Amino acid sequence: MIRSFGLAAAFAAVILATGQPARAADEELVQAQAGTWLLAPESGAKGCRLTFETGKTAGGYTISGADACATALPALAKAAAWNFTDDGSLTITDATQKVLVRLQEEEGSPWESEGADPMWLLPALGDVDHVPTAATLSGTWQVRHPDGKAICDVTLTSETDKDGTSKMSPGSDCPANIADLKLSLWATEGFGLVLMGGDGSSLSFDMQPDGSFKTSDEEEGDPMLLVRKQGG
């Protein structure tokens, strides 16, 4: 899964480590958040990219590229500024400083908006314009070595358990390092995908620009790829 040391948590860590007042960490946090981001509905609908800049403007820091949101997320076409709030939220506002979207970040998870139709705020990934969902990822996938050599197949299904978590099954030919995890469930979060076993074991992947997945940096052992099988 996409794991990141939350900016709110990072902010607190800087204060504890340096003993400096809050304003001393502002520039570092702004620089860390600057860049091009994809804001996309969790439903899998198309989103749009916004570039968070470090120049100051009314309401916070400047945003560019908002015009590209006119079709997918029309309200965001008016985005003019982004900023952090005192409670650790991140807001995107228009030129009048009206809040267009407010997002929260829990440690280890992406920024997520409030409201009935939540959205993820994720670092832009190639030309990807939406987040994966259970419906779009269901099917047969092949676990491979980075050099392309096949390891075994896994099947992701849209069927869920009593808690609403999607089910999966590894192939009978999966080696011990995968079979011993007893993987039976899977879930997505932003550009992250995690395969889970009933005993708390898991295997986490991060989406790549081509739609495949690579084991997250936090995973131990040799890296592996998860690639959709043709016709799967």
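Ser89 is buried, with a relative accessible area of 0% (buried means under 20%, exposed over 50% and partly exposed in between, with a 1.4 Å probe and protein chains only). The model is predicted, so local features need pLDDT of at least 70 and side-chain atom pairs count only at pLDDT 80 or more, while totals for chains, interfaces and linings use all residues. Residues are numbered from 1 along each chain as its sequence is written, and side-chain values use heavy atoms, leaving out hydrogens and water.

**Surroundings of Ser89**
- Ser89 lies in the loop between strand S4 (81-84) and strand S5 (90-93); strands are DSSP runs of E with at least two residues, numbered from the N terminus.
- Leaving aside residues up to four places away in sequence, Ser89 touches Asn83, Phe84, Arg102, Leu103, Gln104 and Trp111 (contact means heavy atoms within 4.5 Å).

**The barrel**
- A barrel is closed by 8 strands in the order S9-S10-S11-S12-S13-S14-S15-S16, with antiparallel pairing; two strands pair if DSSP finds at least two bridges between them.
- Strand S9 (residues 139-144) pairs with strand S10 (residues 150-160) in the antiparallel sense over 6 bridges.
- Trp141 has Val154 in S10 as its bridge partner.

**Aromatic residues**
- One aromatic cluster is formed by Trp37, Phe52, Tyr61, Trp82, Phe84 and Trp111; rings of Phe, Tyr and Trp (its six-membered ring) pair if their centres lie within 6.5 Å, and planes under 30 degrees apart count as stacked, over 60 as edge-to-face and the rest as tilted.
- Trp82 is buried, with a relative accessible area of 0%, whereas Phe84 is partly exposed at 23%.

How values were computed
Helix = DSSP H or I, 4+ residues; strand = E, 2+ residues; numbered from the N terminus.
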